[in-house]
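Here are my notes on the model you asked me to look over. Have it open beside you as you read.

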Amino acid sequence: MLDRPKRKAAEKANEGLTTTTTRKQSRRTSRKRVESSPDEAPPPKRTKRNAQPSATSAKKSQKAAAGRPDKADISEASDHAEGEEETARFWLLKAEPESRVEMGVDVKFSIDDLQAKGESSWDGVRSFEARNIMRDKMKVGDKCFFYHSNCKTPGIAGIAEVSKEAYPDFTAVDSKHPYYDPKSDPDNPKWMMVNVKFVRKLRRLIPLKELQSYRDGPLSDMVLVRRGRLSVQPVKQEEWEFVLGLEDKDPE
């Protein structure tokens, strides 16, 4: 057994150890309470608004401020401009103004005949290239030169306008019609036509020879001058305007 002085010293040592342990546990509990206290707001989170803009975004902003469109905007504007250019289409249609009887039918059709009717189907086209133009490209509102062909003085006599887009040419399946095609199938139409309406006659007929005199100038690319036989032809806007400018010019 320990003597009484040593026992008291041991008891004091145990009391000090217990007090120290209790204080440490109290500090830990207090620290936890502080960290989890509901009264203290959590630190603010970083949001995208605080993030710095990317280099690409910065460049777009600089272009917009300077009035310069982005590449995507340029592409969209270009597509829009091309669409506007395509709205203006001009053509040349050939017809025979003098009588020619085929299978008991007079196939004559002049600018005067169109004026009398007001509107007519443009039937009888039996060229695949000309058919494709009517089927795939001619739109309502397109302007057309009415050209007198296979006559004494061939030339541009007036102006017509497309009033109905391509549909099957019924004359191709009519066995009694001069333009009948025995190989044409009504269930799978081979030939197409459009409707045109009268606009006006030119103030004078502009002969083919006069147009050919400009083959080395403003009409150097005109299909009528380069490939005269095609019955439905495209006409460029500058060619259209030049030909109209010849109306009031005295022929040489």
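This is a predicted model: local features need pLDDT of at least 70, side-chain atom pairs count only at pLDDT 80 or more; totals for chains, interfaces and linings use all residues.

1. The protein has eight helices and eight strands. Of its 252 residues, 29% are buried. If you take the contacts between residues at least 6 apart in sequence, 70% of them join residues at least 24 apart. Keep that in mind when you get to point 4.

2. Now the inside. In soluble globular proteins, nonpolar side chains tend to be buried together. Here the largest nonpolar core has 22 residues, and the ones touching the most other members are Leu-93, Trp-122, Met-134, Met-138, Phe-146, Val-196 and Val-232. At least two residues of this core come from each of strand S1, helix H4 (111–117), helix H5 (128–136), strand S5 (143–148), strand S6 and strand S7 (192–207). Another core lies apart from it, with 19 residues that include Leu-208, Met-222, Leu-224 and Val-243.

3. Leaving out residues up to four places away in sequence, Met-134 touches Trp-122, Val-125, Ala-166, Met-192, Met-193, Val-194 and Val-232. Two of those names, Trp-122 and Val-232, are also among the core residues that touch the most other members.

4. Next, have a look at Glu-161, which sits in strand S6 (residues 155–168). Is Glu-161 buried or exposed? Its relative accessible area is 16%, and buried means under 20%, so Glu-161 is buried. Which residues does Glu-161 touch, not counting those up to four places away in sequence? They are Gly-141, Asp-142, Lys-143, Asn-195, Val-196, Lys-197 and Val-199. Take Val-199: 38 residues separate it from Glu-161 along the chain, yet their C-alpha atoms are 6.5 Å apart.

5. A word on cysteines. A disulfide is a covalent bond between the sulfur atoms of two cysteines. How many disulfides are there in this model? The count comes to zero. Cys-144 is buried, with 0% relative accessibility. Cys-151 has a relative accessible area of 17%, which also makes it buried because the cut-off is under 20%.

6. On to the largest pocket, which holds about 610 Å³ of space. It is lined by 22 residues, and those closest to its centre are Lys-94, Ala-95, Val-107, Asp-123 and Tyr-179. Strand S1 (90–95), strand S3 (105–106) and strand S4 (119–121) each give two or more residues to the lining. By class, the lining splits into seven nonpolar, seven polar and eight charged residues.

7. Last, the second largest pocket, with about 190 Å³ of space. Its lining is made of Arg-89, Phe-90, Trp-91, Lys-137, Asp-221, Val-223, Pro-234, Val-235, Lys-236, Gln-237 and Glu-239. Two or more of these come from each of S1, strand S8 (232–235) and helix H8 (237–245). Sorted by class, this lining has five nonpolar, one polar and five charged residues.

Key. Residues are numbered from 1 along each chain as its sequence is written. Side-chain values use heavy atoms; hydrogens and water are left out. Helices (H or I, at least four residues) and strands (E, at least two) are DSSP runs, numbered from the N terminus. Buried means under 20% relative accessible area, exposed over 50%, partly exposed in between (1.4 Å probe, protein chains only). Contact means heavy atoms within 4.5 Å. On a 1 Å grid over the protein atoms alone, a cavity is a set of points where a 1.4 Å probe fits but cannot get out, and a pocket is an open set with protein on both sides within 12 Å along at least five of seven lines; lining residues have an atom within 4 Å of a point. Grid points are joined across faces, edges and corners, and a volume is the space filled by probe spheres set on the points. Ala, Val, Leu, Ile, Met, Phe, Trp, Tyr, Cys and Pro count as nonpolar, Asp, Glu, Lys and Arg as charged, and the others, Gly among them, as polar. A nonpolar core is a set of buried Ala, Val, Leu, Ile, Met, Phe, Trp, Tyr and Cys residues joined through side-chain atoms within 4.5 Å. A disulfide is a pair of cysteine sulfur atoms within 2.5 Å.
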